[in-house]
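This report covers charged side-chain pairs and a few loop residues. The sequence and structure come first.

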Amino acid sequence: IFVASGYDFADIAFVAVTGGLVAIDAGTTDGRARDALAALRTKTSAPLVAVIVTHAHWDHIRGLAAYARPGVEVIAQARFADELAVVNSAAQPFHYFFGDAAPASFRIAPQHTVTAPETRTIGGRKFALYPAHGGETSDALIIHLPDAGVAFVGDAFMPYFGAPFVAEGSVDGLLDTIAQLTALAPKQLIHGH
């Protein structure tokens with residue numbers, strides 16, 4: 001498990017599997033997403049086989065174009081499209097992260113959406129995927145690696161509900177997510193920032 005910190009506003013994680021890599025989120029820009037993957041190339045040349053998105057906020061999805069290609073499956077929570085509509089309806093924040101190349105809106109369609117807890121085996125490694133409806137967004141996806149005792153929580157535990165510029169998220173959802181993680185009992189949580 002590798003976490004690329006400092007390449008972007010949000011962290012990008014990579015999980016080694018047999019024959020490839022799975023990215024957890026994709027960062028704020030294509031360039032930063034490519035930079036994080038290039039840094040990982042000092043450790044492995046394994047191809048990217050999947051991207052699992054923790055939620056639809058711009059700082060976790062904007063770099064997807066650098067990773068999404070034939071043979072790379074994009075996986076997100078079933079409420080991803082609804083949350084993406086919220087993101088697209090808000091004014092584009094923080095232009096210094098995007099520069100002049102900021103899109104007017106995001107158009108992303110995952111190949112697989114998670115509607116209920118499920119376990120996917122990718123490259124021989126089990127990824128337990130748990131939809132969550134709280135904390136920062138309604139489309140949170142908790143990614144648990146039971147064999148490693150690690151859970152990727154995205155932004156489910158931010159110091160506010162919703163992005164600072166959009167009213168979303170919920171206290172009840174945050175409490176449900178905490179209960180969900182308590183039941184999983186991971187040894188380590190990896191946050192999105």
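R62 is buried in this predicted model, because its relative accessibility of 16% falls under the 20% cut-off. Its salt-bridge partner is D30, with 3.8 Å between the closest N and O atoms. D30 belongs to helix α1 and R62 to the loop between α2 (58-61) and α3 (64-67), so the contact ties together parts 32 residues apart in sequence. D30 itself counts as partly exposed, at 21% relative accessibility.

A search of the whole structure gives three salt bridges, listed here.

| Pair | Closest N and O atoms |
|---|---|
| D30 and R62 | 3.8 Å |
| R120 and E73 | 2.8 Å |
| R125 and D147 | 3.4 Å |

R120 forms a salt bridge with E73. This pair links strand β7 (residues 118-122) to strand β5 (residues 73-77), the two residues being 47 apart. E73 is partly exposed, with a relative accessible area of 23%.

R125 forms a salt bridge with D147. R125 sits in strand β8 (residues 125-132) and D147 in the loop between β9 (140-145) and β10 (150-154), so parts 22 residues apart in sequence are tied together. R125 is buried at 16% relative accessible area, whereas D147 is exposed at 57%.

D25 lies in the loop between β3 and α1 (30-40) and is buried, at 2% relative accessibility. A185 lies in the loop between α6 (171-184) and β11 (188-191) and is exposed, with a relative accessible area of 57%.

Key. Residues are numbered from 1 along each chain as its sequence is written. This is a predicted model: local features need pLDDT of at least 70, side-chain atom pairs count only at pLDDT 80 or more; totals for chains, interfaces and linings use all residues. Side-chain values use heavy atoms; hydrogens and water are left out. Helices (H or I, at least four residues) and strands (E, at least two) are DSSP runs, numbered from the N terminus. Buried means under 20% relative accessible area, exposed over 50%, partly exposed in between (1.4 Å probe, protein chains only). A salt bridge is a side-chain nitrogen of Lys or Arg within 4 Å of a carboxyl oxygen of Asp or Glu.
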